[in-house]
Amino acid sequence: MSDLNKLGLAEARDALRAGDVTSVELTEACLKAIDEADALNAFVHKTPEIAMERAKAADERIKGGDAPSMCGLPIGIKDLFCTKGVPSQAASGILEGFKPEYESTVSQQLADAGAVMLGKLNMDEFAMGSSNETSVYGNAVSPWRCGNDDAQLTPGGSSGGSAAAVAADLCLAATGTDTGGSIRQPAAFVGITGIKPTYGRCSRWGIVAFASSLDQAGPMTKNVRDAAIMLETMCGHDAKDSTSADLAVPNFEAMLTGDIKGKKIGIPKEYRMDGMPAEIEKLWADGAAMLKDAGAEIVDISLPHTKYALPAYYVIAPAEASSNLARYDGVRYGHRAQLAQGDGITEMYEKTRAEGFGHEVQRRVMVGTYVLSAGFYDAYYNRARKVRTLIKKDFEDVFAAGVDAILTPATPSAAFGLGEMTEADPVQMYLNDVFTVTVNLAGLPGISVPAGLDTQGLPLGLQLIGRPWEEGDLLNTAYALENAAGFVAKPGKWW
Ligand code: GLN
């Protein structure tokens, strides 16, 4: 077999079990692809020794007839996950040199299931951003390009390294995290699949916290079947995270029948934004038509509070971030500033945080501190929380009326150019999240499936939003959409 790095999880799993390939061969193919792809800046820390050791162990397990779900499959891990003894910096300068003493629950579950970690993946600093440009390592680059244009594109964010790596076949799949769209938006930008499960499906233990009431981990994969396989491994109750749900995790892969006859799919009118590009409108309409052809019933629905989601998110997420990031003070982790004679503890905090945090993170900490301050708490934070409740209720009403899933575009446009959105206007960047943040505010599962190309030949994704805890059903609807859309485009190799 050649080009082993191009395989998906299910294909590689089946080849491993059939004895057609070994994990060592798969892992070597990925490590070679990673070494050839430095121009993409997707992996910020490579772990070839760990990878080879785990690959050998996986081959032994397979030989012994004990091959758990991810046995021998090489994957990348987003830098937000703490990995024992391996640098885990959340792409921030303030965590410089931080090597955790422990492993995140999710990456441990993947390792226990035999997955082979190839290294750590680039991301926006503390997962704050939509373009990967806030990373201390510099941005990851999309493997896609517009036609003959040499301008580089963003792979999206914050899980931009994961997206670039999977789309460029540097690994078979990767972990991502999603607080306001960070799995689904980058997946859409590079033509791969990404699912954010219901809040509480995956343990957050050992994942560097951004906004704790919104953060969830999830897989970023080459197709829906792979997402089902990897998500099942990542889910489950964890005594170390009291918000993780004590629910049985179904066999998601077994639920992929592709049969969606009689399912009710809602099209929310509020997602039809002013100025929406014609190609996004068309993609959305085509997606609805495909689901209809597959036997679903398409219904118009209303989610009346949608327009307040983005402002509510950009109050709640920074508020929680300002609290979570208070722990980076130069005492316990990572970077500490050089102090001058006579500097006290206040100067130490100030200098350390000014040096260690990038501009976007500083902006979020300031916004968050402001909206939580005594005089403004009710006007901003409390109000945003009330809006969140209304948004959640909008979805509850629609699901109570019998809708099984909701179809929307994943992003308002295809991938944009690196450097195109400037720091001078952060709101322009925030607008990217307009279709994804509602799902986090309501705690629902959402998946992005590649469904078409724009006029420049760049991938576009559709989002499906499901009922809480019904990821299996959501994955099956996504599977039907994937089958109908038949998206097979890949970026040409230029790196
Ligand atoms: N782009 C959003 C933000 O900057 C979402 C990030 C995320 O999901 N981690 O907050």
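Modeller: A definition to begin with: a salt bridge is a side-chain nitrogen of Lys or Arg within 4 Å of a carboxyl oxygen of Asp or Glu. This is a predicted model, so local features need pLDDT of at least 70, side-chain atom pairs count only at pLDDT 80 or more, and totals for chains, interfaces and linings use all residues. Residues are numbered from 1 along each chain as its sequence is written, and side-chain values use heavy atoms, with hydrogens and water left out.

Colleague: How many salt bridges does that rule give?

Modeller: The count is 28 salt bridges. One of them joins Lys282 and Asp286, at 2.7 Å from N to O.

Colleague: How are Lys282 and Asp286 separated in helix H8?

Modeller: Lys282 and Asp286 are 4 residues apart in helix H8 (residues 278-293), so about one helical turn separates them. Helices here are DSSP runs of H or I with at least four residues, strands are runs of E with at least two, and both are numbered from the N terminus.

Colleague: Arg364 and Glu360, buried or exposed?

Modeller: Both are buried, which means under 20% relative accessible area; exposed is over 50% and partly exposed in between, with a 1.4 Å probe and protein chains only. Arg364 and Glu360 form a salt bridge with the closest N and O atoms 2.7 Å apart. These two are also 4 residues apart, in helix H11 (residues 359-372).

Colleague: Which residues do salt bridges with shared partners join into one network?

Modeller: Arg13, Asp14, Arg225 and Glu253.

Colleague: And Asp66, what does it form a salt bridge with?

Modeller: Arg61, at 3.1 Å between the closest N and O atoms. Asp66 is partly exposed at 39% relative accessible area, and Arg61 is partly exposed at 30%.

Colleague: Switching to rings. How many aromatic pairs does the search find?

Modeller: The whole structure gives 15 aromatic pairs. Rings of Phe, Tyr and Trp (its six-membered ring) pair if their centres lie within 6.5 Å; planes under 30 degrees apart are stacked, over 60 edge-to-face, and the rest tilted. Phe98 and Tyr333 are an edge-to-face pair, 5.5 Å centre to centre with 90 degrees between the planes.

Colleague: Where do Phe98 and Tyr333 lie?

Modeller: Phe98 is in the loop between strand S2 (74-78) and helix H4 (105-112), and Tyr333 is in the loop between H9 and H10, so the pair ties together parts 235 residues apart in sequence. Phe98 is buried at 15% relative accessible area, while Tyr333 is partly exposed at 28%. Ring pairs also link Phe98, Phe126, Tyr328, Tyr333 and Phe357 into a cluster.

Colleague: Which charges sit over rings?

Modeller: Among them, Arg145 lies over the face of Trp494, 3.7 Å from the ring centre. The charged end of Lys240 is over the ring of Trp205, 4.4 Å from its centre. The test is NZ of Lys or CZ of Arg within 6 Å of the ring centre and within 35 degrees of the ring normal.

Colleague: How many disulfides?

Modeller: The structure has 0 disulfides, a disulfide being a pair of cysteine sulfur atoms within 2.5 Å.
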